[in-house]
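Reader: I would like a close look at one part of this structure. Please take me through it step by step.

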Protein chains: 2
Amino acid sequence: MREVAVLGIGQTKIDEHWDKSLRELAGDAVLAAMHDAGVQSADALFVGNMMSGSANHQQHLGAYIADWVGLRFREAMHIESACSSGSAAFRSALMAVASGAVEVAIAAGVEKMTDSPGDEITAELATAADQDWEASQGLSFVALNALIMRRYLHEYGWQKDDFANFSINAHANGAHNPFARFQEPISEAAYKKAAMIADPINLLDASPMGDGAAAAVLVPAAHIQGMHGARIIKVVGSASATDAIAVHSRRDPLWLRAAEQSAKQVYSQAGIGPEDIDLFEAHDAFTIMAALSLEACGFAPRGQGPRLALDGEIRPTGRIPIATRGGLKARGHPVGATGMYQIIEVVQQLRGEATGTQVENPIYGMAQNIGGSGSNIVAHILKAE
Amino acid sequence: MREVAVLGIGQTKIDEHWDKSLRELAGDAVLAAMHDAGVQSADALFVGNMMSGSANHQQHLGAYIADWVGLRFREAMHIESACSSGSAAFRSALMAVASGAVEVAIAAGVEKMTDSPGDEITAELATAADQDWEASQGLSFVALNALIMRRYLHEYGWQKDDFANFSINAHANGAHNPFARFQEPISEAAYKKAAMIADPINLLDASPMGDGAAAAVLVPAAHIQGMHGARIIKVVGSASATDAIAVHSRRDPLWLRAAEQSAKQVYSQAGIGPEDIDLFEAHDAFTIMAALSLEACGFAPRGQGPRLALDGEIRPTGRIPIATRGGLKARGHPVGATGMYQIIEVVQQLRGEATGTQVENPIYGMAQNIGGSGSNIVAHILKAE
């Protein structure tokens, strides 16, 4: 396999983009990434999206977006793995370049959620769960996560408010990110009085939906060695793993086995361990998921994820910074785009462009994107050289 | 890139499978392919599907099907490019093995369409067209193809009945395929009196929807050299190209440029030309598409596709056999699965297992899968060694 580097990145602000169509939204990110990379074209486009077929009545996003951004006649396809669709598209683009099949690939993630009424979106999101045994029984994603979080509190003796710093850190970081949906810090008092959605998950434990798109240009690393002195951001680890789609089928619902497995694979590929990771873009769709993800990836012992938040170790100055540009919680969670936002935020950090929340001289950045309630997890490690 | 071979294939009959859930249907094909290949597991699963999110309220098909077939914890993702989703999944699996990222990959296509009422399916199929400029104006796929066919008749002076043999050949071949939706030959008289759907497309110009799944196991060719004397079926060409998603955006709506481009690429990769292809699984969703596909791939001069049908050259004994196991017309067209049916039918021919419609000693077989009205086209050439 050839070594692959990320040459350019682009993104839109996550918002309610009533003034943009799906193709305009995706196009803005793709064209920004191409501009950043200094490329006029690409050989292939891989689009991550979860729900445009139902939310926007538009499938076939590969051809649809390729046509719009001037890549008509090039290869294009759409990749879906629920909320990990974005990073699955990135992995597909990576594989296409690594295999030698193409020289320049674009990975994009896009989701336009706010066109649908709230009840429809809740049902559409639930298509990422097991329709027969979860969704059709009325289990929404917030309900699934509430069940997991309640069990976690019971097993490990934490209080619900011990999760506050996950949300506070995300919002503090998002305040410096002009692309974040929410750019205001929140206080611990605000967290404590936030409205309960599905006990024990309150409004500030949960990430907001939104419309957004993010994209990256991938090329063989050998092609840009020595290019105008800029740091080369290489992809040194990429792995994907699944777990039972229904939470009740897992022997241990408090352990993200697919996260553990994909993390072990990327550490092995990169020849490093969790102690070498300088920042970690975790999938904090709910605060409980941030905790479970930190544990499964080896950053905290089992049941001790919240300790890192309580001790400030997840801040940009801490041992393992997470949500450095706001995370899903404050930057926002346009589901099929989220994985690509994570990737480009890692790139921003490794380039030293994370204004306001820059981690000090990072070498290795990791992103981990979760589909469903832990049933499809895609991990990447990027390295600045 | 490593050379890749198809080690096993599996399929279900295309039918109204009211007695099977989406996962059971897909699982039957995947498990059959694993059994045929003699493998107990796989490293990765790539699932082609177009509309399960709306038709079956189930997305996340990678994890969903991996879990069901005993591949829990393995990599899995879902690929969508409208009616070319199946072959796009095959291409993704190919890339994963060719790159060295995985050793054993399964490509599957599945679509369960008959759970939805007919009017809903028509709208869901139209999400493969341009929602803003085609579908929302009331253009269904049969209407789009009728506009193209009408223009074709006008430009090249053919009569509508000159297309009869595309349908007659498909049904004659399907009669020998136990997995085909329709297993009865049809007469020219039946074609001529078939009900008009969207003039000039009648019922026997159009392929039927259905529920179906097909799958293949891919491995590095080097791993099976010399294995128990069986022929090795190598993938010697794989390419994908897009065109404008809306037909009105194309300068020439009667020329499938993405078909031409992907065909040229696979010929070049295989080091052969159209004259070397022994059978061609064309995407005969409508008879007009079979004609356009034959022309764009170099099997007939522009405007002369119907001549091959009139002269009997598309039959199993002809110059360029198409729809050898029934094609989309008689075998059926469960949209996201169709590309995988085409691939495994090429494998059946190259293995000499196409009972009743076996082409004589084929070496090269080609499959071409069309998404939308020619806006995403994936081509493969397989070779028997």
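Which residue in β8(A) does Ala5(A) stand opposite? Please go on from there to the surroundings of that strand and to the side of chain A that touches chain B.

Author: The model is predicted. In it, Ala5(A) stands opposite Lys234(A) in β8(A).

That pair belongs to two strands of chain A. Strand β1 covers residues 4-11 and pairs with β8(A) in the antiparallel sense. The pairing runs over 3 bridges.

β8(A) has another partner. Strand β11 of chain A, residues 376-384, pairs with β8(A) over 9 bridges, also antiparallel. Here Ala241(A) stands opposite Ile377(A) in β11(A). As for cover, 8 of the 10 residues of β8(A) are buried, so the strand is mostly covered by the count used here, 20 or more other C-beta atoms within 10 Å.

Now to the contact between the chains. In chain A, 53 residues are in contact with 53 residues of chain B. β3(A) gives the most, with 6 residues. By class, this side has 22 nonpolar, 23 polar and 8 charged residues.

In β3(B), Glu80(B) is the bridge partner of His78(A).

How are the chains related? A rotation of 180°, with 0.0 Å of shift along its axis, superposes chain A on chain B, and the RMSD is 0.0 Å. That is the relation of a two-fold axis. In chain A, the C-alpha of Ser99(A) is the nearest to the axis, at 2.0 Å from it. The same surface serves both copies, as 100% of the contact residues of chain A recur in chain B.

Last, a helix of chain B. α4(B) covers residues 85-98 and has 14 residues. From its first C-alpha to its last, α4(B) reaches 20 Å, close to the 20 Å expected at 1.5 Å a residue. Just after α4(B), Gly100(B) takes a positive phi of about 95°.

Notes. Residues are numbered from 1 along each chain as its sequence is written. Chains are lettered from A and ligands numbered from 1 in the order in which they are written. This is a predicted model: local features need pLDDT of at least 70, side-chain atom pairs count only at pLDDT 80 or more; totals for chains, interfaces and linings use all residues. Copies are superposed by least squares on the C-alpha atoms of residues with pLDDT of at least 70 in both. Two residues are in contact if their C-beta atoms, placed from the backbone, lie within 7 Å. Helices (H or I, at least four residues) and strands (E, at least two) are DSSP runs, numbered from the N terminus. Ala, Val, Leu, Ile, Met, Phe, Trp, Tyr, Cys and Pro count as nonpolar, Asp, Glu, Lys and Arg as charged, and the others, Gly among them, as polar. Two strands pair if DSSP finds at least two bridges between them. The expected span of a helix is 1.5 Å times one less than its number of residues. A residue is buried if 20 or more other C-beta atoms lie within 10 Å of its own, exposed if 12 or fewer, and partly exposed in between; C-beta atoms are placed from the backbone.
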